[in-house]
Amino acid sequence: MLRFWEKRIKTGIVTENLEFDKEFEEIKKEIKDKIKKHFAGSLAVRMVDSGSCNACEAECNALSNPYYDLERLGIHFVASPRHADILLVSGVMTFNMYHHVWDAYKQMPNPKWVITLGDCAKDLGVFEKTYAIKGIDLPVDYHIPGCPPSPKKIMREFLNFLKTTSIS
Amino acid sequence: MRLIARFAKENKNNFEIIDVFDKEVKKHFLDKNNPKIKTLTKKYPAAIWMERKIRDEFGIEFEESFDNRPAIKHERFPKDIYPLRKDFKDKKIEFSKFTPYKYEEISGDSVFTVPVGPIHAGIIEPGHFHFSQAGEEILHLEVRHFYKYRAIEKMMENKNPLEITKIISRISGNESIAYQKAYFNILSKASGFEISENLNKTHAILLEIERIIHHLTDLGFIPNDAGFAAALAYMGKLAEEARRIFKKVTNHRFGFDAIFNNEFDFSSLNNFLDYLKNEIKFFENWIEDIPSVWDRFDTTGRLTKEKAIKYGVVGVGARASGIKIDTRDNDFYKKYGFEIQLGEKGEVADRFRVRIKEIYNSIEIIKNMLDVKKEEFEFSVKDGEYMSFVESSIGELFMYLNIVDGKTDRFYVRDPSHINWQAFHTTIYKDIIADFPLINKSFDLSYAGNDL
């Protein structure tokens, strides 16, 4: 156990992109009321894979590694769509996932937003239309491009979404 | 004999069933008006999903088969179409009437079912797990997939074989390099050139980096599912560092398109591997001393050697059960330090330790190969049938391509997950349901590669 603590202290904190904290503080001031009212101080994201290659999911998992530590900004992934503000959808939306993704969307309380993640969620990316692909027809509010978008890019786009999205 | 794949293709005058075994390839030709063939499932249970898929996609019947349920045709999928037949050209189909799927369920006094998925609580691919429970104990599990079915095989048809490499790269994100390498081998065979030792080494380095990253991720997630989150933080950090090195090497965090772009920078690799080796050593010493972790790992999720052989399980799953099966087990890899890494009992603990041992071995292999030079290649493919095998981070990957008149006539790939998923249910009998995530992560199979 001592070995572990020695290692722990030697390694220190590796979290990067601290510029986001500053930026987030500013945004917070700007949209403080909005966040308080609608997001209860934090942003809850429910991620659903509608038929991706799994790289987008791997990058979302990377968001919680010590280098990115996304949750420090108050943005966190939740287990149920009923706890979510945002539905983050990756993949081409297959025929077999279509109703399940829509079910998840319908379970979310209002107000709610849909963010698509990765090139193939927008226009299939390198893939081509087949009978087994429906394409995403949810009411999409924001798109995060990339194949896959890097964790840093996803963080930047989340903040950008918060800045630019208006809440009625 | 070990069954590797059974798949179908349509020829002008007949349907063809191709059975690929480790020692031979058998072909059967079926009458188009009444296509039927004897099932393989009685001897080879891993043929079940393969035959169900063929029945759905080609309308070929399997005599004496005991499982005739649909695989890719889910509840609202039209039943009367056979989309992989050549005369099916629709890009769009309509939802049909909801037909319930008959799950394998055990019934009886105080036995109940727990359906899980397709959408899961974490950030993970979609698939359905149907448990029959007696209290905490799992009596049976049916794994149901093909939610991510994108019809990759149909997408590839009638294309210039050189123009589908971007899709190949993105069939299964965690195994991108393995898919690219398998396809590269096919294209070189079709072009009639031998891949040089230098180029094979270059690709092997990439494959081993991909394997290291995959193992690192699992070494974090497996203990995390046993409630030991510090390991996830530790390994999450290492996996991220390895991914950044991968980005330096291939200009992409997952190595997408890397083998075909052929631009590499290996300069930072050697130092990183030395560092990584030390970090893994620390991790190994540290976690071997945590009894609560091994309390969960030992005796959990046991894949017996007999079952593994019966199902033809490949990859880490097979090796952890003591089966010597690894596509890299050849003279080329052995020359650069490859040694097969085996477990004994096939439990979560074995798969965990095999992954650690394979990281050490991958580090050694890469270090022995680092003197590679840049080398150009050019393809000019000729018609014919081509096959290739590559050891992906999950296990043996099999790929098939038939080229007719310069175009892809039939593309098929058998992801290692396609076999291993089918043996999965044998590992959890009488384990508790809370062990399921742990066991699942210890195999870490691909959903996208299985579903296609």
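This is a predicted model: local features need pLDDT of at least 70, side-chain atom pairs count only at pLDDT 80 or more; totals for chains, interfaces and linings use all residues.

Student: OK, how many residues of chain A are in contact with chain B?

Tutor: On the chain A side it's 51 residues, and they meet 59 residues of chain B.

Student: And what area is buried between chain A and chain B?

Tutor: About 4,700 Å², with carbon and sulfur atoms giving 64% of it. In chain A, the residues that lose the most area to chain B are Phe95(A), Asn96(A) and Tyr131(A), together 18% of what that side buries.

Student: How many salt bridges are there between chain A and chain B?

Tutor: Four. In one of them, Lys159(B) pairs with Glu128(A), and the closest N and O atoms are 2.9 Å apart.

Student: Which element gives the most to the side of chain A that touches chain B?

Tutor: That's α4(A), with seven residues. By residue type, that side of chain A divides into 29 nonpolar, twelve polar and ten charged.

Student: Switching topic: is Ala448(B) buried or exposed?

Tutor: Buried, because its relative accessible area is 0%. Ala448(B) sits in helix α16 of chain B, residues 448–451.

Student: What does Ala448(B) touch, leaving out residues up to four places away in sequence?

Tutor: Residues from both chains: Ser52(A) and Cys53(A), plus Glu125(B), Lys148(B), Arg150(B), Ile171(B) and Ser172(B).

Student: Now the domains. How is chain B divided?

Tutor: Into domain 1 (3–144) and domain 2 (159–442). Taken over C-alpha atoms, their centres are 26 Å apart. Their contact takes 31 residues from domain 1 of chain B and 27 residues from domain 2 of chain B.

Student: What area is buried between domain 1 and domain 2 of chain B?

Tutor: About 2,700 Å², and carbon and sulfur atoms give 68% of that.

Student: How many salt bridges does the rule find across that domain interface?

Tutor: Two. Separately, for polar contacts it finds nine residue pairs, both residues at pLDDT 80 or more.

Student: Where does the largest share of the domain 1 side come from?

Tutor: From β1(B), which gives seven residues to the side touching domain 2 of chain B. The residues on that side of domain 1 divide into 22 nonpolar, two polar and seven charged.

Conventions. Residues are numbered from 1 along each chain as its sequence is written. Chains are lettered from A and ligands numbered from 1 in the order in which they are written. Side-chain values use heavy atoms; hydrogens and water are left out. Contact means heavy atoms within 4.5 Å. Buried area is the accessible area (1.4 Å probe) that two parts lose on being put together, summed over both. A salt bridge is a side-chain nitrogen of Lys or Arg within 4 Å of a carboxyl oxygen of Asp or Glu. Helices (H or I, at least four residues) and strands (E, at least two) are DSSP runs, numbered from the N terminus. Ala, Val, Leu, Ile, Met, Phe, Trp, Tyr, Cys and Pro count as nonpolar, Asp, Glu, Lys and Arg as charged, and the others, Gly among them, as polar. Buried means under 20% relative accessible area, exposed over 50%, partly exposed in between (1.4 Å probe, protein chains only). Domain bounds come from an automatic or database domain assignment. A polar contact is a pair of N or O atoms within 3.5 Å; within protein, one must be able to donate a hydrogen and the other to accept it, and residues adjacent in sequence count only if both atoms are side-chain atoms.
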